[in-house]
Structure formats: structure tokens, C-alpha cells
Amino acid sequence: MTIDLSPGRPFPDIELDDHAGNRRRLAVLVGGDPVVLQFFRGWWCPKEQAFFRRLIALQDEAEVAYSRIVSVSVDTPAVSAAFRAGLGARWTFLSDTDRTAQAELGLRETTDTLNDPYLPAVFTLFPDLTIHRAYDGYWFWGRPTTEELRRDMREISTAVRADWAAPAA
Amino acid sequence: MTRCWLALLESPATDATAQARAYEADGSPAGWLAAWRQHVKPARAARRVDDRLVDVDGGPGWVSLVLPPDGARLPFDDLAVQQARRRVLAEPPQDALSTLMRDASHFEGAITVARGMGVARLNDDPFARIFPARILRIGAGVLGAAAAPAGPVIERYGSANPWPWDRFDTRAP
């Protein structure tokens, strides 16, 4: 049965190896912050390379905005580490090399029988892994713009930061 | 997060939560690395540390211990300190690391714990570009391993917490 990955539903707390080969659980990576959870085909896809440039542009804001980014593919940890370093990304990449999470989530791109990759998808999540918005990136324009990601991070932060209305005297 | 303190002492502490002998890279004695989990500062040289780094069951390891020269300190928000945190996130993770601090606004050193293949990379500690580093071998019983920061956040979660402690405390102070 396919898991419902609609807004308002809980995202499964998947556990995968990170780019350094350490086992990591999504809930721990998210901590107490809003998160952009990205599933991508692989380093070889030009559309992913273009979309990563958006995330890299967002990184300088996320690093001071208590917001996290997690990227997931079927690439091996070594390939993910090399791709991450080449991009200049400073967030965690997860490797689903045996495609167990891909099957659990129902996010296999069935039209690519050569690489058997993840369907490009982006989810913005609350710290408790509740899905805020889901973006189907099969067509490039289905992916969130940086402005949409900023909006989502703001909306989640508004909801989860008890002091969002700044204490002032 | 509990308050946790770390110091390199000339002799063992009588009240430390955990401690172990420290040695220079050439094997000569370098004192004792001691840690305390308590609210009150335990020793003049002690600095606050991310308490996930301290583990009484931790095995021996190597550290890069970065400390400012006497009288020197740098704002935690200094661009050099920001960039060192970025480099830590960009590079392959070590077993554990923490910035060190005595107040809420100054960077007063860092400690990076390495074992195995990571030991060779201690010579390229990003924090060693700010203040001098000592590479020390530490005995068992004081330093553990902690998951690498998720990234890309380089800010502290509250100015009282050393980086990379990664969440706002929900308990009352």
C-alpha cells in the first residue's frame, strides 16, 4: 500500500546512511527545525543540477535561520559525498542504495528503467515530520522556487516558534 | 542540555565527571583532560562544551584542542568563526566536536575528537586557522562520539549553548 504523502500527513521517519556512511534517522536530522526534504534522481541529471543551484542559493539563509535541508538519492555514500563537495553543500545527503525507503515511500521513477532513481520530489516538513507542502518535481516547473521555500520555512517557523512575535519592551 | 565543562589540567581533578590522561603527539605527558557535568564552573581553565562529546565509556582517541592565547578572545559571530563552522559542515565528519566558551558571546576555542582514519585530518582543523591547536592523544573514559551536525545551520541554538548543539532547549533554565 502506498503511503499518503499529502500535506498534513506524517512523513515516515526513514533511516538511511549519510554521505559519510553513518546511519542517520530523519527525525534526528530534523531536530527541532523546519526542513526542506529533497529527493533527487542522481548527480547525473541536469535538472537536479539546476535545482541544486536553488538550494545552494538558499543555504546561506538556512544556515542562520534555524532551518535544515536533507537530500536523498539512490547514489552511494561515496558518490553523494563527492557530489555534495562539488556543489559546496553543507547539509546532509542520505543514500538509499538498496532502495528500501524508495519502495516504502512509493517514490520510484518508473519511466527511468536504467537508473531506477527517486522521483524528484520536495517536501517541506514541520519538526515533528508533519508534511507542510509537497512538490512533484517530475516536470521541472513542479519544483518549488526559492521564494516558495522561503514562504514555507516562514509559515512553519511561525507555527513552531513560540516567540515568533518578538518579545519587546 | 546539561551544563558541561572541559579543561586540560596539570593534575587530575578530584571532582570531575570524567577524565583521562593526555599526551603530546611525541608521547610526552600533557596533563589530564577533565570534564564536569554541573552548573557551577569547576576550574579556572574550564570552558563550556557540548555535552554530547563527553562519555565516561568512550575509548581512547586523538583531539585537536584549539585554545586562544592568554588574553585573546574573539566574538562568536566573527566572520572567521562563522567560516570555520562552514568548513566543519562541508568536510567529512569527525567523531565529535564542540566549540568552547566561557560566556555567551565569545569563541574561546574548540575541540575535535578523531579516531581511525580521521586522525590524520586533525592537522587541518578549521578552528586551528583562528587560534593555535594542540594535537593530543587522550586516554579512555572521557570522550565519546556524537552524530555530525545535520547542517547547514551554523548558529548556536541560544547564546548559552556551544555549537553544534542543535536544538533550542525546551526546559526552563
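Predicted model: local features only at pLDDT ≥ 70, side-chain atom pairs only at ≥ 80, totals over all residues.
**Chain A as a whole**

Select chain A and colour it by secondary structure. Chain A holds 5 helices and 7 strands. Read from the N terminus, the order of these elements is β-β-α-β-α-β-α-β-α-β-β-α. Looking at contacts in chain A between residues at least 6 apart in sequence, 66% link residues at least 24 apart.

Next, select residues 15–18 of chain A, which are strand β1, together with residues 23–25, which are strand β2. The two strands run antiparallel and are joined by 3 bridges. They make a hairpin, with 4 residues between the strands. In the turn, click on G21(A), whose phi is positive, at about 90°.

Which residues face D17(A) in the two neighbouring strands? In β2(A), the bridge partner of D17(A) is R23(A). In β5(A), S95(A) stands opposite D17(A).

**Where the chains meet**

Show both chains. On the chain B side, 16 residues are in contact with 17 residues of chain A. The chain B side of this contact is made up of 11 nonpolar, 1 polar and 4 charged residues.

**The nonpolar cores**

Move to chain B and select A35(B) and I111(B). In the largest nonpolar core, which has 46 residues, these two touch the most other members. Elements of chain B that each give two or more residues to this core include β1 (4–9), β2 (18–24), α1 (79–90) and β10 (133–138). Strand β3(B) gives the most, with 6 residues.

Stay on I111(B) and show its surroundings. Leaving out residues up to four places away in sequence, I111(B) touches L6(B), V49(B), L53(B), V63(B), L65(B), L97(B), S98(B) and L100(B).

For the last stop, return to chain A and select L16(A), L26(A), L37(A) and F39(A). These residues are among the members of a second, separate core of 39 residues.

Notes:
Residues numbered from 1 in each chain as written. Chains lettered and ligands numbered in written order. Contact = placed C-beta atoms within 7 Å. Nonpolar A, V, L, I, M, F, W, Y, C, P; charged D, E, K, R; others polar. Pairing = 2+ DSSP bridges. Core = buried A, V, L, I, M, F, W, Y, C linked by C-beta atoms within 7 Å. Buried ≥ 20, exposed ≤ 12 C-beta atoms within 10 Å, placed from the backbone.
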